[in-house]
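Have the viewer open while you read.

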Amino acid sequence: GPSFDELPLPAPMDKPKMLAGLYEQLGKARDAEAAQPIVEAIEALWRISGSDTVDLLMHRAERFAKADDLDLALNIMDATVDIAPDQAEAWHLRAKVNYLKKNYELALADLRRVLNRDSKHYAAMNDLGVVLEAIGAKKEALEAYRKAIAINPFLGETKKAVEELRREVEGQDI
């Protein structure tokens with residue numbers, strides 16, 4: 001099919017429908033190579049808020065987070081979720097910043113907001129596993145990782161985490 005760059009930008013009301021179709025295609029992808037353009041399209045759609053202001057704020061917050069200016073990144077993301085409370089990716093980015101600041105309870109709350117808005121947001125589901133693992137909730141982390149893989153079976157690092165946690169939580173086969 002056409003590359004994501006060739007597709008028209010969705011109207012905000014079309015975004016959930018487009019994501020649903022892409023998630024379905026992802027589940028049917030035969031291998032990682034076939035899945036790659038679908039993953040790219042999904043992740044690009046996550047980032048499109050429909051507001052140039054929100055998109056710019058999220059981009060800047062990501063840059064500040066990468067530069068280890070977590071306080072400024074968090075301030076920007078606080079403003080962003082106030083402006084666009086229905087934007088799942090804004091909550092996801094704020095959750096990442098909260099995680100980096102070791103604000104695990106806030107990160108968990110933000111990740112739950114993401115998943116309330118997009119229950120198939122596999123990156124948020126994966127990050128939920130990371131946070132749960134960090135606070136010692138290994139059984140719940142394993143469950144979150146498995147849900148992420150059920151949506152996107154091509155998450156290599158997540159599969160490794162599942163295997164390690166499975167042995168720890170469920171024990172080794174004899």
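Let's start with the charges: the protein carries 24 positive and 31 negative side chains, and the centres of these two sets are 3 Å apart. Keep in mind throughout that this is a predicted model.

**Overall fold**

What does the secondary structure come to? Nine helices and zero strands, so the pattern along the sequence is simply α-α-α-α-α-α-α-α-α. The radius of gyration is 17 Å, close to the 16 Å that the globule rule gives for 174 residues, so the protein is as compact as a globular protein of that length. If you want a box for the C-alpha atoms, roughly 55 × 40 × 25 Å along the principal axes will do.

On burial, 42% of the 174 residues count as buried. The protein exposes about 10100 Å², with carbon and sulfur atoms supplying 51% of that area. As for contacts with a separation of 6 or more, 50% of them come from residues 24 or more positions apart.

**Helix 8 and its packing**

Helix 8 covers residues 138–151, which makes 14 residues. From first C-alpha to last it reaches 20 Å, close to the 20 Å expected at 1.5 Å a residue. Which residues of helix 8 are buried? They are Ala141, Leu142, Ala144, Tyr145, Ala148, Ile149 and Ile151. An α-helix has 3.6 residues a turn, so residues three or four places apart point the same way.

Arg94 sits in helix 5, residues 88–100. Is Arg94 buried or exposed? Arg94 counts as buried because its relative accessible area is 15%, and the cut-off for buried is under 20%. Leaving out residues up to four places away in sequence, Arg94 touches Leu74, Met77, Asp78, Val81, Asp110 and Arg113. Two acidic residues, Asp78 and Asp110, are on that list.

Ala107 belongs to helix 6, residues 104–117. With a relative accessible area of 0%, Ala107 is buried too. Setting aside neighbours within four places in sequence, Ala107 is in contact with Ala95, Asn98, Tyr99 and Val131. For a distance to check in your viewer, take Ala107 and Leu57: these two are 50 residues apart along the chain, and their C-alpha atoms are separated by 19 Å.

**Two loop residues with positive phi**

Where is Asp68 placed? Asp68 is in the loop between helix 3 (52–66) and helix 4 (70–83). Its phi is near 65°, a positive value in a residue other than glycine. Lys102 is placed in the loop between helix 5 and helix 6, and the phi of Lys102 is also positive, near 65°, again in a residue other than glycine. Asp68 is exposed, and Lys102 is exposed as well.

| Residue | Relative accessible area | State |
|---|---|---|
| Arg94 | 15% | buried |
| Ala107 | 0% | buried |
| Asp68 | 66% | exposed |
| Lys102 | 60% | exposed |

How values were computed. Residues numbered from 1 in each chain as written. Predicted model: local features only at pLDDT ≥ 70, side-chain atom pairs only at ≥ 80, totals over all residues. Heavy atoms only, no water. Helix = DSSP H or I, 4+ residues; strand = E, 2+ residues; numbered from the N terminus. Rg over C-alpha atoms; globule rule 2.2 N^0.38 Å. Buried < 20%, exposed > 50% of the residue type's maximum accessible area, 1.4 Å probe, protein only. Contact = heavy atoms within 4.5 Å. Areas by Shrake-Rupley, 256 points an atom, 1.4 Å probe, with all protein chains shown as cover. Lys, Arg positive; Asp, Glu negative; His and termini not counted. Charge placed at Lys NZ, Arg CZ, Asp CG, Glu CD. Expected span 1.5 Å × (residues − 1).
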